[in-house]
Amino acid sequence: MGPRRRRKRVPEGEFQVSIGGLSHDGRGVAHVDGKTTFVHGALPGETVTFRYLQRRRSHDEGQVVTVLKASNNRVEPRCAQYGICGGCGLQHLAPEAQIAAKQTVLLDNLRELGGVAPLEVLPALVGESPWGYRRKARLGVKEVLRKGRVLVGFRERGSSFIADVDRCHVLHPRVGNLLPALSDLIGGLSIRRRLPQIEVAMDDVQCALVLRILDPLSGEDERLLKDFQRANDVVFYLQPGGPETIRPLDTALDLRYCLPTHNVALRFLPSDFTQVNSDINRQMVDRAIGLLDLQEDDRVLDLFCGIGNFTLPIARVCARVTGVEGDAGLVARARRNAADNALANLCFYTADLYGELDAEPWLGVEYDKALLDPPRSGALQVLPRLPACGIRRIVYVSCNPGTLARDAGELVNRHGYRLHSAGVMDMFPHTAHVESIALFERD
Ligand SMILES: C[S@@+](CC[C@H](N)C(=O)[O-])C[C@H]1O[C@@H](n2cnc3c(N)ncnc32)[C@H](O)[C@@H]1O
């Protein structure tokens, strides 16, 4: 074991500061005696008192105690546990101001990390409501003896404790309103101490709840779960081991969501990757298709394609689409989705897009356009392949502005593309997550 790091003592008491900016993770930024201090719960333009949480060499961290002069953008958070629960970080900022802040994060990242700026900033994609949008989530479960019950919900900010929330406003209400009932249900199970997590997966109407179980259920547990399913219109799945062990408690759901403008329906399993916000997903697919400017004879490469969320809509319009994805299960679902939607002009490959790609058969072919939707780590390794395949237009969907900016710098400065446009999409309201889209072109 290495030497124990001693935590720096923090000054006691409250300190008054003026907040100059908002950090990329939604904290107010102040300068105290020349040192940057990130203050949870504070907004630009405000004067607040705060107490220190941590001191580090490069910066300090604090928590607002009193807002002495409030920003015009400050709003009352809906959640009673706001500031404690780690599920959200921006509820105190008006939704329009959240989007403006995320756009600043995107443009700052592009400039500072990529050395690039878009010719055009796209209008932000905004959902019908910034509440009740989350259809995919991982909730923690823990019996807390001190409270005499089981807690179900997101973890507290910066801690492994579960936040004590009786209603979550960002989860879809089917689940957000069900937390107390789930807590009572699990509290009555024999394995209540051996059930650490619930995975939520909703389609357009149905709700699957995957229970991670470390011990088998008793007969009475099964009966309680079945009664709960019937009463609350949810379907339980059990996961005794890795994701491959997930099975329904009794009858499996046929989970599927629709993309009506593209006449596409996509089936998925509860453990599959799906976009968390279905309203924004529909708008995002429309925008991606618009930016690709698809022509009948286009050949398109869709990298990190998952179950075919973009691949199938693209295939409705153009000559041929190739989807590539690292998870063989998702590729199987994508193939089946293509067949279910009577689409024959597409093909799918399983490949590690961060690995060695020289022998990949889909790379020996010419394409006109590409769609990239990588995980947080971005798509750096595959970028040099794109100009080599003849690709002139790239639409890049990103959940991490840092890696998008890095990759944008590569595409522009090494591979001869122009960053035509970029914009944010409000996929995760009230959190600091920034989802964005960018269009690159090349002659
Ligand atoms: C942000 S999701 C996008 C999925 C899909 N485009 C959609 O909209 O539903 C990223 C996808 O990248 C896949 N992925 C992660 N690492 C990968 C890798 N090394 N190679 C290929 N695909 C990978 C994940 O399985 C996931 O499906």
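This report walks through the sheets, a helix pair and the ligand surroundings of a predicted model.

**The sheet from β1 to β2**

Start with an open sheet of 6 strands. Its order is β1-β5-β6-β4-β3-β2, and the pairing is mixed. At the edges stand β1 (15-18) and β2 (21-22), and each of these pairs on one side only. The partner of β1 is shown by its bridges: β1 and β5 (residues 47-55) run antiparallel, joined over 4 bridges. Within this pair, Gln16 sits opposite Thr49 in β5.

**The sheet from β9 to β13**

Another open sheet also has 6 strands. Here the order reads β9-β8-β10-β11-β12-β13, again with mixed pairing. The edge strands are β9 (149-153) and β13 (247-248). Each has a single partner strand, so one side of each is left without a neighbour in the sheet. Helix α3 (residues 179-187) packs on this sheet and touches β8 and β9. The direction of α3 makes about 135° with that of β9. Inside the sheet, β8 (residues 136-144) pairs with β10 (residues 197-202) in the antiparallel sense, over 5 bridges. Ala137 faces Val200 of β10 across this pairing.

**Strand pairs side by side**

Strands of a sheet pair through backbone hydrogen bonds, either parallel or antiparallel. Both senses occur among the pairs below, which include two that involve β21.

| Strand pair | Sense | Bridges |
|---|---|---|
| β1 and β5 | antiparallel | 4 bridges |
| β8 and β10 | antiparallel | 5 bridges |
| β7 and β21 | parallel | 2 bridges |
| β21 and β22 | antiparallel | 7 bridges |

Strand β21 covers residues 418-425. Its parallel partner, β7, covers residues 120-121. There, Val121 stands opposite Ala422 in β21. Its antiparallel partner, β22, covers residues 435-441. In that pair, Gly423 has Ile437 of β22 as its bridge partner.

**Two helices that cross**

Two packed helices are described by the angle between their axes and the distance between the axes. Take α1 (residues 95-114) and α9 (residues 401-413): their axes come within 8 Å and cross at roughly 45°. The two helices are therefore oblique to each other. The crossing is right-handed.

Which residues of α1 meet α9? They are Val105, Leu106, Asn109, Leu110, Leu113 and Gly114. On the α9 side, they meet Pro401, Gly402, Ala405, Arg406, Ala408 and Gly409. By class, this contact has 7 nonpolar, 4 polar and 1 charged residues.

**Around the ligand**

How many residues surround the ligand? There are 19. The closest are Phe304, Gly306, Asn309, Gly326 and Leu353. The shell around the ligand splits by class into 10 nonpolar, 5 polar and 4 charged residues.

Methods. Residues are numbered from 1 along each chain as its sequence is written. This is a predicted model: local features need pLDDT of at least 70, side-chain atom pairs count only at pLDDT 80 or more; totals for chains, interfaces and linings use all residues. A residue is near a molecule or strand if its C-beta atom, placed from the backbone, lies within 6 Å of it. Ala, Val, Leu, Ile, Met, Phe, Trp, Tyr, Cys and Pro count as nonpolar, Asp, Glu, Lys and Arg as charged, and the others, Gly among them, as polar. Axes are lines fitted to C-alpha atoms, for helices over the stretch in contact, and angles run from 0 to 180 degrees between N-to-C directions. Angles under 35 degrees count as roughly parallel, over 145 as roughly antiparallel, 65 to 115 as roughly perpendicular and the rest as oblique. A crossing is left-handed if the near helix is turned anticlockwise from the far one by less than a right angle, and right-handed if clockwise. Two residues are in contact if their C-beta atoms, placed from the backbone, lie within 7 Å. Two strands pair if DSSP finds at least two bridges between them.
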